[in-house]
Amino acid sequence: MLLYSYCFSAVSSTLHSSSSCQLQGQFRPNEINKAGDVVLGGLFGFFFYSAYPDLSFTSEPQQPTCHGFDVLGFRQAQTMAFAIDEINRNSSLLPNVTLGYSLYDSCHQLGIGFRAALSLASGQEEHVTLDETCVGTPPVLGIVGDSSSTRCIAMSNVLGLYRVPMVSYFATCSCLSDRQRFPSFFRTIPSDAFQVSAMIQILKRFGWTWAGLLISDDDYGLHAARSFQSDLGPSGGGCLAYTEVLPKAYKPDELRRIVNVMKKSTARVVIAFAHDSNMMNLMEEVVRQNVTGLQWIASEAWISAAVLQTPDLMPYLGGTLGIAIHRGEIPGLREFLLQTRPDLHHNSSYGKNLVNQFWEHTFQCRFAPPPAGWVEAGGALCTGQEDLHNVETEFLDISNLRPEYNVYKAVYALAYALDDMLQCEPGRGPFSRNSCGTLQRLEPWQLLYYLEKVNFTTSFGDQVSFDENGDVLPIYDIMNWLLLPDGRIKVHGVGEVKKIFKGEEITLDEDKIFWNFKTKKPPRSVCSESCPPGTRMARKKGEPECCFDCIPCSEGKISNRTDSTECTSCPEDFWTSPQRDHCVPKKTEFLSYHEPLGICLTTASLLGTFICVVVLGIFIYHRRTPIVSYFATCSCLSDRQRFPSFFRTIPSDAFQVVRQNVTGLQWIASEAWTSSAVLQTPDLMPYLGGTLGIAIRRGEIPGFREFLLQTRPDLHHNSSYGNNMVNQFWEHTFQCRFAPPPAGWVEAGGALCTGQEDLHNVETEFLDISNLRPEYNVYKAVYALAYALDDMLQCEPGRGPFSGHSCGTLQRLEPWQLLYYLEKVNFTTSFGDQVSFDENGDVLPIYDIMNWLWLPDGRIKVHGVGEVKKSIFKGEEITLDEDKIFWNFKTKKPPRSVRSESCPPGTRMARKKGEPECCFDCIPCSEGKISNRTDSMECTSCPEDFWTSPQRDHCVPKKTEFLSYHEPLGICLTTASLLGTIICAVVLGIFIYYRRTPIVRANNSELSFQLLLSLKLCFLCSLLFIGRPRLWTCQLRHAAFGISFVLCVSCILVKTMVVLAVFKASKPGGEASLKWFGAVQQRGTVLVLTSIQAAICTAWLVSASPAPHKNTEYLSDKIVYECVVGSTVGFAVLLGYIGLLAILSFLIAFLARNLPDSFNEAKLITFSMLIFCAVWVAFVPAYVSSPGKYADAVEVFAILASSFGLLVALFGPKCYIILLRPERNTKKAIMGRGIES
C-alpha cells in the first residue's frame, strides 16, 4: 500500500516478472505478534535509546539499533495484549471474530516509529503479485499509539491520507485536534488544551498570577507554550514571568542560564511542561545552585516519574502539584502479566523477541548463545524457568495504571467500533447504496465511521466517547508530592478536573495538599500587589500585564474596587472623596435672582426676548422674502415642506459621503502575489502602483514553447475515473468535452472535442513563457536528478564510493545510492544559474526583486529592479537599481515610514505601552548618564570623575571644588588671617617696646607674650584650611589648630589662676599661695597642658590620620576635595579638650571678676572666654550641616572669630591705655585707682 513503491517494469524483467512489486528494504522491528481474523497494530517504546548507523551513503544504510530496555513501555504493550485476549474471551463482544495484534517498537525515535507505522499499515510481505484481486482484511485495521505527540503528528499526516485509524494513548498536543490535517486520529488521553486550562484553574484557585514556564523543545512543549500565552492573559488573570525552552540534550551552560533566570525572577510558581528526561537535567543544576522556595506545577509527562521521586530532590520538588492521567483499574491484568514466558525457540540476534529481552533485563541473565565473554565475566544464563513472583519489578505494579488504562480504553474503542460495523444489517448500512462493511472486505476508512460514534463504559466506570475532533471526554487527576515522616515519598491524589456540560469543573481537597514551605501554606506569587480602591493599575513599561504600579486617581475620578484598570469620573453633581474611593455630592452654587449679577442678566434676557418678538413679527409680515445661505450644510434643510424658501450655495452633507480612498501606501509583496495578474488592473494601480516584491527567480528554457505546442490529447484514455490530465487540459482550454460527454452537455449547446483543435489559435497563459518561475525550478530539479544519475552511472568499477569500492549499476539501482551523488551535484543551467545543494538539501537561494510600473499608456508592467541572493563566500547580497523603481507618490521618491523617529544621542528609547517594539518615546538620559549614539536602548553611567554634558551625549570631567585662594571667599578669609597675624605682631611689638611700663608688667608680661605668640599661630593655622587639600596639609591643619588653641587657652587659664592667687595672697595668711604660681610653675603648667594636646594629636595621626578625599556625594556634577578627619573620636577629643580648658578659664575668671584692683584682668578674660565658647558652640552644628568647601570655611571663620575675640578682648584695652592714655600707664595711677576702688 505505502511501501510497495519500487515497481519493476519490463526493463527489470531479468529480476522479476512485470506484474510484481518488491519492498525497497526490509524493516525488522522489535515486535510481539499474535495471529487473528482481524489484526490491530500497536506502537510502543520498548527501548530508551537508539544508535544510528553511518549515513554517508557509501553503503546501504543499516537499520538503527535500540538499547536500554523500558519496562513501562513493555507493560503498556502487554496491556494491549491483555485487552485483546479479554475481548477474545468475551462472547458478547465480537463473537466469532478473533483479534490478533502486531506490536512494534518505536524506540522513542521519530524515524524508527514512522517506519514501524508504515510497516504496520503496509505489511511485511516480500512480494505482492499485482494481478491478484486485493480482497480481504488489511494488514492491520487500526493502530494503537504512539506515545509521542511529535511522532503522532508525522504518522497521522501519512496514515490519514489512507484513512487508517490511529488511537493514541499518550499524545496530548492540542494540534492533533485539527480534523483537516488528522482525519483518522483519535486519542484516549485529553488534549493539552484541556491540561493547560486545568493548570490555569489551579493557578486561579490559589491566586497565583505570576508564574514561570519551562517547556520541552518539541511539539508537546511548544504548542503548550502557545496555549499558555493565549489563555493565561486577561481572561486567565495571570502572566508568565518567563518562558524557557529546556534543551533536549544535557547542555550545562544553557541549563545554568535557565536556573539563573528562575533565581532572579520574583515568580514563586514554576510550571514545567516537559518530560522526565528534561527535568532530570534541569534538577541537577537546581540542586547545584540550591534553588529552593519554588512551587512546581507538573504536566502529566513527569508528575508520576519515579526517577525524580528521590530523597535528594524532595527539598526542591516536595509539595509539587501536577496534572496526571486519570488512574484506572484493570481486573485480571496482574495475573496476565505473571503468565509472561520467554520463547526459547526465538532468539536471533536481529529482531530479537521482546519477551526474551524483557526476561534478560528483569533477571539479569542472557539466553544462549550469550554474548562473547558473558559467562567468563560471571554472567548467568537464562533458563526460562525463572519465576516472576520472586523478583521485584515495576512491571507487576498495577497500583497506578494511567497510560496502561488509556491503552486498554483505546483497544476497546477499536473493538466496539468493529463490533458495531459487523452487526450492520445488509441494506441498512451507512455506506454507498446502504451497504455494510464485511469481514471479507474490511476497509480501515469504514471503521472510522463507527469509531466516531463509539460510546461505552469501562469496568472502572469511565465513559469513553470521542468528540468531533477525535478527543476523548477529558478528565485528569490532580496529584501532590508528599514527603512522609519516615523519609518515603508518596504521590497522592488531591482532586480532579474534568469537563462536563457546564464547562470545566475542578475538585480540590486543599487540606490534603502538602506545602513544602515553613508556613505550610501555599506561597504568594504575584508580580505586583493588588491596587486598593482609590487607585488604578498602570502597567509597567516593557513588562507583562501583571506587573503594574498603583496610581492614585486624579481629582474628579474614583475607583471603588480592587485592581481597577481605570478611574471612572464622578457624576456631574458629585466630587471625589479624600480617599478617591467614592463620590460625594458637590456643594451647590448657582446664579441667583437675588444677587446683583443675576438681576442684571435677567434684565438683559427679558430685553432680548422682547427684541426677538419684534423681529419675528417683521419676518411674518415679510415672509415671502427668500433666504440664501452660504455655509449651512445640514441635509435636513432640503425638506421643501418645512423650508419652502431656503436656498444655499454650499452642497448638502448628503453629497459629502463617499467610499474610503486609501492611497499613499507603499506595498511590499511576497512571492505568492507579486506576479499575480488578477491584481494588475487599472482600477487597482492608483493603490498598488509602485509595489515592491520578492519573486521566484525567473529563468528561460529554450525550446519549451515548441514542446508545449506539441501537446495532444489521448483519444483512447477518457474513463470517468482517473481522467487523462492532458484531456482535462484540452477540455478546459477549448471549452469542449470528449465523448462520451456529460449528460445534457450537447443538448445545452456544448461542443465535442475532436483532438484536432489547434493550440496556435487560442489565447492561453499555458503558452506564455515570458515569466517562467516555478517552471524554471521544476526544470532545475529534473536536471539535478539527471546529473546525479549520470555521475553515478559514470562510476568506474573498483573506484566507486560504496562498500568494496563498488558502483551503482542500471540493473541494480538503489535510491539511497542516488542520494550520495545528489548531495554533490553542481552544474550551471543554460540561463547561467549555478545549482548545488548545501548540507540541509537547500539550493543556493536567489530571488528577483520586482516593481509594479504604471506605464503612460495605462498598461501595467511588473519589471525586475534587482535581486537578492546568498553567496557561499559573501553571505546575503542584495542588488537594487533604485533608478528603475517606480514610486507611486507625488515626490517620485521612496516614502518615509517609521513609527517613531530615531532617538538622538543624549536620549534612550522607551517602548510605548501596549504597542510594537518600533513604537517608542525618546526619554532624555537622567543626570550622570549619557548615550552617545542614535537609538540607544540604555543610557550608560559616566565614570566617577566625569559628569554629563548639557546635551547628555558625552561625559566631561567634573569640576573640582575646594576652598581656594583665588575665589572671593578664600581671599577674604586669607586676608582676615594675615590681618590678624599682623595685628598680633604689632601688639607684640608694642608690648615689647613698652615692657617696662606698669600696665605690661602688672599683667604678667611673659604670659602675655606667650599668648600673643599663640594667637599669631592660631591666625596662621587657618591658612592650612585654604587651598587644594594635600596629605601634609590635612595632617597638619587640625594638629596645628589644636595645639595653637590649647597654648592660647592654657596661657589665659594660667593668667586667670595667677590673678586669683595674687588677690588671695593679699589677705592675711595667703602668702603661701603665691609660691605655687611662680614663673617656673606658670611655664610648666602651660607646657603640660599643651603637651596633653600634642599627645592627643600624635595618637590621632598615628591611628587614623586625616587624608585628602574626593567626595562625589555632596554635588553630583562636581568633585569636592576635602580632608576626612580619619577618626571622628580623635577630632572630638581634640575639640573637647580645648572646650574643657576654655570652660575652666571662663569659670575661674567669672569667680574673680569682682576682686578689687585698679585693672582687674579677670573681667576681660571672662568676656573673651564668653566670646570664645559662643563661637565654638555655634561652630559644631554649622560645621556638620555645611557641605564641601563650606565646612572648611566655617572652621576657618570659627578660628578667626575666636582669635579676633581673644585678641580684642584681652589686648584692646591695654593697647588703648598704652597708646592713647599714657597718663594711666603709671604705677601711681594704677595704685590710685586701686585705692579709689
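1. Let's start with cysteine 1051, which is buried, with a relative accessible area of 0%. Its sulfur is 6.9 Å from the closest cysteine sulfur, that of cysteine 1048, and this is too far for a bond. Keep in mind that you are looking at a predicted model.

2. Cysteine 984 is also in no disulfide: the nearest cysteine sulfur, in cysteine 1018, is 8.4 Å away. Cysteine 984 is buried, at 0% relative accessible area.

3. Now for cysteines that do pair up. The count of disulfides comes to 14. One of them links cysteine 1034 and cysteine 1123, with the sulfur atoms 1.8 Å apart. The torsion about this S-S bond is about -70°, so the disulfide is left-handed. Cysteine 1034 sits in helix α22 and cysteine 1123 in strand β48, so the bond ties together parts 89 residues apart in sequence.

4. Next, find cysteine 531 and cysteine 550, joined by a disulfide with an S to S distance of 2.0 Å. Are these two cysteines buried or partly exposed? Cysteine 531 is buried, with a relative accessible area of 0%, while cysteine 550 is partly exposed at 33%.

5. A disulfide also joins cysteine 424 to cysteine 436. Both cysteines lie in the loop between α11 and α12, so the pair ties together parts that are 12 residues apart in sequence.

6. Finally, follow helix α26, residues 1189-1219, to phenylalanine 1211: a kink of about 45° lies there, shortly before proline 1213. This helix is mostly covered, with 22 of its 31 residues buried. Across the protein's 1237 residues, 42% count as buried.

Note on methods: Residues are numbered from 1 along each chain as its sequence is written. This is a predicted model: local features need pLDDT of at least 70, side-chain atom pairs count only at pLDDT 80 or more; totals for chains, interfaces and linings use all residues. Side-chain values use heavy atoms; hydrogens and water are left out. Buried means under 20% relative accessible area, exposed over 50%, partly exposed in between (1.4 Å probe, protein chains only). The bend at a residue is the angle between axes fitted to the seven residues ending there and the seven starting there. Helices (H or I, at least four residues) and strands (E, at least two) are DSSP runs, numbered from the N terminus. A disulfide is a pair of cysteine sulfur atoms within 2.5 Å.
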